[in-house]
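Keep the 3D view open as you read.

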Amino acid sequence: MRERDGTGDDGAVFYLLVRFVLRPLVFVVFRPTVVGRENVPLTGPVILASNHLSFIDSIGIPLVAPRRVAYLAKAEYWRGTGFSGWVSRTLFTALGALPVERQDHRAAQAALDTAMGLLRSGGAFGIYPEGTRSRDGRLARGKTGVAWLALTADCPVVPVAVIGTDRVQPIGARWPRPHKVSVTFGEPLTFPEHRGQASSNRARREVTDRVMESIAALSGQERAGWGAKPDAA
């Protein structure tokens with residue numbers, strides 16, 4: 001399967017070089033099982049919505065996906081000094097990560113706007129609808145930003161499930177450790193019945209819940225807090 005970039009930026013060559021080095025290493029050390037790569041459209045805007053167990057998710061998913069996938073990352077990753085700072089900048093730039101400021105009071109909307117710019121250029125964007133890593137292995141109810149993006153960009157959402165990455169790099173661990181992981185890409189979801197309804201709280205919640213149901217079916221995780229009131233964020 002041919003891999004597509006979808007971003008059209010000058011970092012595509014660097015991205016391919018990094019994949020050439022890191023991808024074989026990932027398969028040797030972590031022995032990932034990858035299912036459903038054919039479910040990811042090779043061209044056009046698409047959102048990859050995944051559960052989130054570890055920091056390593058944002059590196060592992062792009063390395064096994066059939067096209068370049070950009071994630072948001074803290075701007076601090078580009079500000080480090082010394083060798084470790086260089087490694088951080090190089091890795092995140094090569095993987096197509098998008099730097100965002102998290103201290104700004106408008107950070108949430110600014111992050112969505114950054115993602116929307118990528119989607120409008122025909123790229124693939126990765127997002128964790130839960131909003132943060134799971135600390136107990138359960139799947140939290142999704143926030144509705146994923147639905148706003150999907151409905152505004154009028155693009156499909158591919159549900160993704162990662163399993164085992166919390167054993168590779170648990171919360172608080174500085175370095176990853178070898179452990180078998182799996183990444184499953186589900187069938188793309190589209191929402192024609194909600195087209196043009198990005199401003200509707202109800203539509204966003206229904207779309208988000210459908211995405212999370214699909215992620216839960218792929219990951220087999222226990223659900224946490226799904227009985228909470230709808231989130232309008």
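Arg138 is partly exposed, with a relative accessible area of 32%; that label covers everything between buried, which is under 20%, and exposed, which is over 50%, using a 1.4 Å probe and protein chains only. Arg138 forms a salt bridge with Glu222, and the closest N and O atoms are 3.9 Å apart. (For a salt bridge, a side-chain nitrogen of Lys or Arg has to be within 4 Å of a carboxyl oxygen of Asp or Glu.) The two ends come from distant parts of the chain, 84 residues apart: Glu222 is in the loop between helix 7 (201-219) and strand 10 (223-224), while Arg138 is in the loop between strand 6 (124-127) and strand 7 (139-140). Glu222 itself is exposed, at a relative accessible area of 52%.

Before going on, a word on the ground rules: this is a predicted model, where local features need pLDDT of at least 70 and side-chain atom pairs count only at pLDDT 80 or more, while totals for chains, interfaces and linings use all residues. Residues are numbered from 1 along each chain as its sequence is written, and side-chain values use heavy atoms, with hydrogens and water left out.

How many salt bridges does a search of the whole structure find? It finds 8. One of them pairs Arg141 with Asp209, with closest N and O atoms 3.2 Å apart. This pair also links distant parts of the chain, since Arg141 is in the loop between strand 7 and helix 5 and Asp209 is in helix 7, 68 residues apart. Arg141 is buried at 18% relative accessible area, whereas Asp209 is partly exposed at 22%.

Helix 7 also supplies Arg210, which bridges to Glu193. Their closest N and O atoms are 3.8 Å apart, and Glu193 sits 17 residues away, in the loop between strand 9 (182-185) and helix 7. Both count as partly exposed, Arg210 at 34% relative accessibility and Glu193 at 47%. Back at Arg138, shared partners in salt bridges join Asp136, Arg138 and Glu222 into one network.

Now for the interior. In soluble globular proteins, nonpolar side chains tend to be buried together. Here the largest nonpolar core has 30 residues, and Ile47, Leu149, Phe191 and Val211 have the most contacts inside it. (A nonpolar core is a set of buried Ala, Val, Leu, Ile, Met, Phe, Trp, Tyr and Cys residues joined through side-chain atoms within 4.5 Å.) Strand 2 (46-50), helix 4 (107-120), strand 6, helix 5 and helix 7 each give two or more residues to this core. Take Phe191: leaving aside residues up to four places away in sequence, Phe191 touches Ala150, Leu151, Val157, Val207, Arg210 and Val211, where contact means heavy atoms within 4.5 Å. A second, separate core of 16 residues includes Val46, Ala124, Val160 and Val162.

The ring centres of Tyr71 and Tyr128 are 5.3 Å apart and their planes meet at 25°, so the pair is stacked. By the cut-offs, rings of Phe, Tyr and Trp (its six-membered ring) pair if their centres lie within 6.5 Å; planes under 30 degrees apart count as stacked, over 60 as edge-to-face and the rest as tilted. Tyr71 is in the loop between strand 3 (69-70) and strand 4 (72-74) and Tyr128 in the loop between strand 6 and strand 7, so the pair ties together parts 57 residues apart in sequence. Both tyrosines, Tyr71 and Tyr128, are buried.

Another arginine to look at is Arg37, in the loop between strand 1 (33-35) and strand 2. Arg37 is buried, with a relative accessible area of 17%. The side chain of Arg37 reaches the backbone oxygen of Val64 at 2.6 Å, though the C-alpha atoms of these two residues are separated by 8.2 Å and they lie 27 residues apart along the chain.

Finally, a backbone detail. Asp154, in the loop between helix 5 (145-153) and strand 8 (157-163), has a phi near 55°, a positive value in a residue other than glycine. Asp154 is partly exposed, at 48% relative accessible area.

Key
Helix = DSSP H or I, 4+ residues; strand = E, 2+ residues; numbered from the N terminus. Polar contact = N/O pair within 3.5 Å; in protein donor to acceptor, adjacent residues only side chain to side chain.
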